[in-house]
Amino acid sequence: MIGSFRQSMTWLHTWAGLIFCWILYFMFVTGTLGYFDDEIDQWMMPERPAMQLTSVEKSIATAVPFLEQEASDASRWFIALATDRNEPLLRVFWNTPAAEEGGEATNDNKLLDVSTGTAVDESVNASGGGQVLYRMHYILHYIDRDLAYRLIGVLTFLMFVGIVSGIVAHKKIFKDFFTFRTSKGQRSWLDMHNLLSVSTLPFQIMITYSGLIFMIVTWMPGIALGTYGFDAKKLQADGSQLLGQTELEKSGEAAPLADLTAVAKLAETRLGEGNIAGFNIEYPGDANARITVNGKSAGLSRFANRVVFDGTTGEITDDSEIELNTSVNIAATAIGLHEGLFAGTLLRWLYFLSGLLGTAMVATGAIYWTIKRRPADGSKASFAYRFVECVNIGTIVGLLIAVAAYFWANRLLPEDLANRADWEVHTMFIVWALTLLYPILRSASQAWRELTWLAAFSYAALPLISVFTVEQHLFNFSEHGRWTLAGFELTCLFTAGALLVASRYIAKPTASKEIDKEEDGSLIPVVGK
Amino acid sequence: MAKSLRAPGRWHVTSRVIAALIPGFVLVNAFGIALALILANFIGWSKFDAVAFSTLWSFAFYTAVVMWIFSVKTLRKVWLTLLAGLVVTGGLAYGLLVFEGTL
C-alpha cells in the first residue's frame, strides 16, 4: 500500500495494533489474572471452604438428595465433582423446563459444602471473585454477551494480524532481539517492545490463535454450513455422531433413578479409578432417564471420554472410545493450552508471567506510538495525539488501579449490600473512568508518575486492609496456613514494589529525540495530520 | 525511499478496510468451502474432517488475505483480484456441491 511490502506491513501493524490496543490491554490484564481465577476466588471469599476433595460416594450422597429436594422437576442435573484446583468444591447445576407453554426455561447452580450437606451461602459477602474478573476478557461487561463475544472475535483477529504483520515488518528480528539500547528514549521503547514480543512470540501466537478457535462457531460457521449445502441439520448430525451424542426424548412415565454410586463404580472400570469428573443426568425420575459419566481430561486437550448408562437400570449403554479427528483434536488441544487448566503451580506461574509479558507488549507498543509522534519541543500537540496519550496513561496504569479498586471494594463494601458483587465491578469501572479523566488535568509525565504511585499504593494497601476486614490475612499466616491467601497478598506487595520501580523510569523525559530512519524504516506520520 | 513513505489517503484506508471486511471475508469462506469439498471428494476425507480442517485454518487464510489487501499498491488491483478470487472459489465451491449432488 505504501512503499515496500515491509513498509505496508509496518503501517498495518501500527494501526491494527493501535486502534483497539486499550481493549486488547484490558483483555490481556483480565485474561492473565484469569490464570489465578480460583485463587482470587479464595481471597475474595475467604470464609468459603477452600477445597473439599472427597470420595465420589460422599459427593453423590450430598448432591443427589439436594437435587431431589431443590430440582425435582428439572430436565437435567449436572453434578461436577470437586477434582482439583479448577473445581475445588462440589457443584450442582440443573435446567428447569418452562412451567407452561411459552414460558422460559431456567437454569441454576449451587456450590455444596460436603461437610454440612448444604449449599454454600453465597449471599453474605457476595462477590464476583476471580470468575467475574476473568470472564471480562472475553465477554467484557455491561454490554450484551453475544455482541461482546463478536467484538472480542474481531479484536482477537486484529491482534493476530498485528502479530503476523509485526513479524514480517521486522527486518532483523533476531539481531534486534539481542539488542537492547537503554536510556535512548524512543529507541529503547521500540527495543523493549521487540524484546517482549519476540521472547514471548510462541505464547502470543498460541494464545491469540487459540482465542480465535473459541470464536469459530461465532465467526466462521459459513464454511461448515456451506460445505453441507447450507443444511444445518446434516452438519449437526455429523457433529453429534463424532462426539457419540444421540437425541433423547422424555417418556412421561415416572421411574426411580438408578443408584449413582453403583453407576460410578461401573464407570470407573472403564474410565479408570478416581477418574470421574462429573455426572450428566438427563430426565432424572423419568423412565427414559440417561446418565453420562464424564471422565477427567488427560494431558493438554480439554477433551475427555465418557460412559453412557441407562438412567433407570444403571446398565452401560455406550462405552465406546470416542476418536476425534485430527483437526478437532488440534482445536481441543489449542483450547486446552489457552485455558491452561492442566497446569500445575509452576507452569501456572509461567502462564501468568507470559500473560504479563503480553500485557507489557501491548503497553509498550501503545507508548511507543506516542513517543514516536511526540511533538517537537514548544509546539502544540494535536487533539488526536493528546487523546491517545491520555487514554494510554488512563488505561495502562489506570486499569491496574481499577483492578486494585475491585479488590478494595471486595474488602470494604458492607457485607449485606444489595447487589454487592455488582458493586465490586461498578467500583472498578468508576475508578477506571476517573483515571482516564485525570491525565487531562496534568502533563503527561506528571500523570504517568502520579498514577503509577497511586497504583503502587493501592496494591500495597491491600494486605493492610485485609488485617482490618477479614479473619485470615498475611500477618496471621502462621495461624491459618492458607498459602493461597498469603500468596495473593505477597503478589500485591510485589506488584506495588514493581510499580514503584516503574514510576522511576516511566516518566523520564526522553534524553534525545534520536530518530533512526535507516534501521527503523517505518517513519509514517499520523493519518490526517 | 523516503519519498514513497507518505501516509496513505483516507479513502485508500477506508476502501481497503471495506474490502477486508466484506469481499475478503466472503472469499475466505468460499475458499474454505471449496477446500473442504476437494478434501472430501478427491482426497477421501470424511466431510466433517474436511470441514474441521478448513475451518480451523480459516483465520490463518483470512490473515493472509488481510495482509495482502493492505500491501497491494492500487485499489483497482485489490478489488479486481478479490472479485476474480470470489468468482473462482465461489464457482468451484458451487460446482463441487452440484458435482457431489448436495445441491
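**Figure 1. Left-handed crossing of α9(A) and α14(A) in the predicted model**. Helix α9 of chain A covers residues 201-214, and helix α14 of chain A covers residues 326-339. Their axes come within 9 Å and cross at roughly 120°.

**Figure 2. Residues at the contact of α9(A) with α14(A)**. From α9(A) come M206(A), I207(A), Y209(A), S210(A), G211(A), I213(A) and F214(A). Helix α14(A) supplies A331(A), A334(A), I335(A), L337(A) and H338(A). By class, the contact has 9 nonpolar and 3 polar residues.

**Figure 3. G117(A) in a loop of chain A**. The loop lies between β3 (106-113) and β4 (118-119). G117(A) has 13 other C-beta atoms within 10 Å, so G117(A) is partly exposed. P65(A) is 52 residues away from G117(A) in sequence. In space, the two are 9.1 Å apart, C-alpha to C-alpha.

**Figure 4. Helices of chain B**. Chain B has 5 helices and 0 strands. Along the sequence, the pattern reads α-α-α-α-α. The C-alpha trace of chain B spans about 55 × 20 × 20 Å along its principal axes. The radius of gyration of chain B is 17 Å, whereas a compact globule of 103 residues would have one near 13 Å.

**Figure 5. Burial and contacts in chain B**. Of the 103 residues of chain B, 42% count as buried. Take the contacts in chain B between residues at least 6 apart in sequence: 77% join residues at least 24 apart.

Notes:
Residues numbered from 1 in each chain as written. Chains lettered and ligands numbered in written order. Predicted model: local features only at pLDDT ≥ 70, side-chain atom pairs only at ≥ 80, totals over all residues. Helix = DSSP H or I, 4+ residues; strand = E, 2+ residues; numbered from the N terminus. Rg over C-alpha atoms; globule rule 2.2 N^0.38 Å. Buried ≥ 20, exposed ≤ 12 C-beta atoms within 10 Å, placed from the backbone. Contact = placed C-beta atoms within 7 Å. Axes fitted to C-alpha atoms, helices over the stretch in contact; angles between N-to-C directions. Left-handed = near helix turned anticlockwise from the far one by under 90°. Nonpolar A, V, L, I, M, F, W, Y, C, P; charged D, E, K, R; others polar.
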